[in-house]
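User: I am new to this structure and would like to go through it in short questions. Please show it first.

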Amino acid sequence: MEYLTEKFSFKFFLFIGLAFFLIQIPIIGDYFRIINTVIHESGHAFMALFGGNVESISLYMNADGVTHGTHSIWIIDFITCAAGYTIASLIAYVAFWLIK
(Lines give C-alpha, C1' and ligand atoms only; values in the text may rest on other atoms or scores of the structure.)
Protein backbone atom coordinates (compact mmCIF):
# COMPACT_ATOMS: atom_id res chain seq x y z
CA MET A 1 0.00 0.00 0.00
CA GLU A 2 2.88 2.34 0.71
CA TYR A 3 4.07 1.90 -2.87
CA LEU A 4 0.71 3.09 -4.17
CA THR A 5 0.68 6.19 -1.99
CA GLU A 6 4.18 7.07 -3.20
CA LYS A 7 3.31 6.54 -6.86
CA PHE A 8 -0.15 8.14 -6.95
CA SER A 9 -1.33 11.32 -5.31
CA PHE A 10 -4.54 11.95 -3.39
CA LYS A 11 -5.85 13.92 -6.38
CA PHE A 12 -5.52 10.81 -8.60
CA PHE A 13 -7.69 8.70 -6.28
CA LEU A 14 -10.14 11.59 -5.91
CA PHE A 15 -10.64 11.79 -9.70
CA ILE A 16 -10.97 8.00 -10.03
CA GLY A 17 -13.61 7.99 -7.29
CA LEU A 18 -15.41 10.93 -8.87
CA ALA A 19 -15.44 9.23 -12.29
CA PHE A 20 -16.83 6.02 -10.76
CA PHE A 21 -19.49 8.00 -8.90
CA LEU A 22 -20.53 9.98 -12.00
CA ILE A 23 -21.14 6.92 -14.16
CA GLN A 24 -23.37 5.42 -11.45
CA ILE A 25 -25.84 8.35 -11.48
CA PRO A 26 -28.92 7.07 -13.35
CA ILE A 27 -29.41 9.68 -16.10
CA ILE A 28 -26.17 11.66 -16.11
CA GLY A 29 -24.02 8.53 -16.00
CA ASP A 30 -25.25 7.46 -19.44
CA TYR A 31 -23.85 10.64 -20.97
CA PHE A 32 -20.44 10.14 -19.35
CA ARG A 33 -20.31 6.58 -20.69
CA ILE A 34 -21.25 7.85 -24.16
CA ILE A 35 -18.31 10.31 -24.04
CA ASN A 36 -15.99 7.36 -23.48
CA THR A 37 -17.59 5.51 -26.40
CA VAL A 38 -17.21 8.56 -28.67
CA ILE A 39 -13.49 8.75 -27.87
CA HIS A 40 -13.09 5.00 -28.41
CA GLU A 41 -14.91 4.94 -31.75
CA SER A 42 -13.12 8.11 -32.89
CA GLY A 43 -9.84 6.29 -32.33
CA HIS A 44 -10.97 3.56 -34.71
CA ALA A 45 -12.13 6.14 -37.27
CA PHE A 46 -8.94 8.20 -37.04
CA MET A 47 -6.71 5.20 -37.73
CA ALA A 48 -9.00 3.93 -40.48
CA LEU A 49 -8.39 7.16 -42.40
CA PHE A 50 -4.71 6.25 -42.89
CA GLY A 51 -5.41 3.32 -45.16
CA GLY A 52 -9.05 3.29 -46.01
CA ASN A 53 -12.34 5.03 -45.63
CA VAL A 54 -14.77 5.52 -42.71
CA GLU A 55 -18.29 4.64 -43.79
CA SER A 56 -20.19 5.19 -40.55
CA ILE A 57 -19.95 5.51 -36.77
CA SER A 58 -22.95 4.32 -34.75
CA LEU A 59 -23.43 5.11 -31.05
CA TYR A 60 -26.12 3.51 -28.89
CA MET A 61 -27.60 4.69 -25.59
CA ASN A 62 -26.36 1.59 -23.78
CA ALA A 63 -22.81 2.95 -24.35
CA ASP A 64 -22.05 0.58 -27.21
CA GLY A 65 -20.74 1.72 -30.54
CA VAL A 66 -19.44 0.48 -33.87
CA THR A 67 -17.29 2.00 -36.61
CA HIS A 68 -17.59 0.69 -40.15
CA GLY A 69 -14.87 1.31 -42.69
CA THR A 70 -12.97 -0.11 -45.63
CA HIS A 71 -9.25 -0.86 -45.64
CA SER A 72 -6.82 -1.41 -48.46
CA ILE A 73 -4.32 -3.66 -46.65
CA TRP A 74 -4.57 -6.01 -43.68
CA ILE A 75 -2.04 -4.19 -41.47
CA ILE A 76 -4.18 -1.03 -41.47
CA ASP A 77 -7.16 -3.18 -40.47
CA PHE A 78 -5.15 -4.61 -37.56
CA ILE A 79 -4.00 -1.16 -36.42
CA THR A 80 -7.56 0.17 -36.69
CA CYS A 81 -8.86 -2.65 -34.50
CA ALA A 82 -6.29 -1.91 -31.81
CA ALA A 83 -6.68 1.87 -32.02
CA GLY A 84 -9.93 2.18 -30.04
CA TYR A 85 -8.48 1.23 -26.67
CA THR A 86 -5.09 2.75 -27.48
CA ILE A 87 -6.47 6.19 -28.35
CA ALA A 88 -8.89 6.14 -25.39
CA SER A 89 -6.01 5.31 -23.03
CA LEU A 90 -3.86 8.02 -24.60
CA ILE A 91 -6.62 10.60 -24.13
CA ALA A 92 -7.03 9.55 -20.48
CA TYR A 93 -3.26 9.84 -19.96
CA VAL A 94 -3.20 13.33 -21.50
CA ALA A 95 -6.19 14.37 -19.36
CA PHE A 96 -4.42 13.27 -16.16
CA TRP A 97 -1.22 14.94 -17.34
CA LEU A 98 -3.10 18.22 -17.88
CA ILE A 99 -4.63 17.98 -14.41
CA LYS A 100 -1.19 17.56 -12.91
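User: In which helix does Phe12 lie?
Analyst: This is a predicted model, in which local features need pLDDT of at least 70, side-chain atom pairs count only at pLDDT 80 or more, and totals for chains, interfaces and linings use all residues. Residues are numbered from 1 along each chain as its sequence is written, and side-chain values use heavy atoms, with hydrogens and water left out. Helices (DSSP runs of H or I, at least four residues) and strands (runs of E, at least two) are numbered from the N terminus. On that numbering, the helix that holds Phe12 is α2.

User: What is the relative accessible area of Phe12?
Analyst: Buried means under 20% relative accessible area, exposed means over 50%, and partly exposed lies in between (1.4 Å probe, protein chains only). Phe12 counts as partly exposed because its relative accessible area is 25%.

User: What distance separates the C-alpha atoms of Phe12 and Ile99?
Analyst: Along the chain, Phe12 and Ile99 are 87 residues apart.

User: Which residues are the closest to the centre of the second largest pocket?
Analyst: A pocket is an open set of points on a 1 Å grid over the protein atoms alone, where a 1.4 Å probe fits, with protein on both sides within 12 Å along at least five of seven lines; lining residues have an atom within 4 Å of a point. Grid points are joined across faces, edges and corners, and a volume is the space filled by probe spheres set on the points. The second largest pocket has a volume of about 330 Å³. It is lined by 11 residues, and the closest to its centre are Ser9, Phe12, Phe96, Trp97 and Lys100.

User: Which element gives the largest share of the lining of the second largest pocket?
Analyst: Two or more residues of this lining come from each of α2 and α4. By class the lining divides into 7 nonpolar, 1 polar and 3 charged residues (Ala, Val, Leu, Ile, Met, Phe, Trp, Tyr, Cys and Pro count as nonpolar, Asp, Glu, Lys and Arg as charged, and the others, Gly among them, as polar). The largest share, 4 residues, comes from α4.

User: Which elements give two or more residues to the lining of the largest pocket?
Analyst: The largest pocket holds about 610 Å³ of space. Its lining has 17 residues, with Ala19, Phe32, Asn36, Ala92 and Phe96 the closest to the centre. The elements giving two or more residues are α2 (10–24), α3 (28–48) and α4 (74–99).

User: How many residues of each class are in the lining of the largest pocket?
Analyst: Sorted by class, this lining has 15 nonpolar, 1 polar and 1 charged residues.

User: Which residue forms a salt bridge with Asp30?
Analyst: Side chains of opposite charge can pair when their charged atoms come close. A salt bridge is a side-chain nitrogen of Lys or Arg within 4 Å of a carboxyl oxygen of Asp or Glu, and the structure holds 1. Because they are 3 residues apart in helix α3, the two partners are separated by about one helical turn. With the closest N and O atoms 2.5 Å apart, the partner of Asp30 is Arg33.

User: Are Asp30 and Arg33 buried or partly exposed?
Analyst: Asp30 has a relative accessible area of 22%. Arg33 is at 30%. By these values, both Asp30 and Arg33 are partly exposed.

User: How far from Glu41 is the nearest side chain of opposite charge?
Analyst: Glu41 is in helix α3 and is buried, yet has no salt bridge. Leaving aside neighbours within four places in sequence, Glu41 is in contact (heavy atoms within 4.5 Å) with Ile57, Leu59, Gly65, Val66 and Thr67. Lys and Arg count as positive and Asp and Glu as negative, while His and the chain ends are not counted. The nearest side chain of opposite charge is that of Arg33, at 14 Å.

User: Is Thr80 buried or exposed?
Analyst: Thr80 is in helix α4. Leaving aside neighbours within four places in sequence, Thr80 is in contact with His44, Met47, Ala48 and His71. At 7% relative accessibility, Thr80 is buried.

User: What is the phi of Ala63 near?
Analyst: Ala63 is in the loop between β1 (52–59) and β2 (65–71), and is partly exposed at 21% relative accessible area. Its phi is positive, in a residue other than glycine, and is near 70°.
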